[in-house]
Amino acid sequence: QVQLVESGGQLVQAGDSLRLSCAVSGRTFSTYVMGWFRQAPGKEHELVGTIPWTGGSTVYADSVKGRFTISRDNAKNTVYLQMNSLKPEDTAVYYCAARLVLLKDFHYWGQGTQVTVSS
């Protein structure tokens, strides 16, 4: 079992930066891929990006490429989502998720953290 707890969401203004954190606990996760998703009101879940827990490279949605950066601190068991140049359309609940490397679907999810970007 893997437990994920997000933090860092808040109300910011357009153009601001914000960093979200995802604290990971539970079984060893060296074979996991971590992901950040978001869901805006009335919209479906959107993949923001992914990062393998060990090795590999990050992948980003086109909508956030160049503005968002996903990183991890293996010693702290934490995954981060650095968001720069925020736009009102980035307003959403942001979720951290995990899946085994060999699986397609993310099956561990955090509770989400609200990010609101005012214009």
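Me: Which residue does a disulfide join to cysteine 22?
Reply: This is a predicted model, in which local features need pLDDT of at least 70, side-chain atom pairs count only at pLDDT 80 or more, and totals for chains, interfaces and linings use all residues. Residues are numbered from 1 along each chain as its sequence is written, and side-chain values use heavy atoms, with hydrogens and water left out. A disulfide is a pair of cysteine sulfur atoms within 2.5 Å. At an S to S distance of 2.1 Å, the partner of cysteine 22 is cysteine 96.

Me: Is the disulfide of cysteine 22 and cysteine 96 left-handed or right-handed?
Reply: The handedness follows from the torsion about the S-S bond of cysteine 22 and cysteine 96. That torsion is about -75°, so the disulfide is left-handed.

Me: Is threonine 113 buried or exposed?
Reply: Buried means under 20% relative accessible area, exposed over 50%, and partly exposed in between (1.4 Å probe, protein chains only). Threonine 113 has 9% relative accessibility, so this residue counts as buried.

Me: Is glutamine 114 buried, partly exposed or exposed?
Reply: The relative accessibility of glutamine 114 is 39%. Because of that value, glutamine 114 counts as partly exposed.

Me: What separates the C-alpha atoms of glutamine 114 and leucine 102?
Reply: Along the chain, glutamine 114 and leucine 102 are twelve residues apart. Between their C-alpha atoms the separation is 30 Å.
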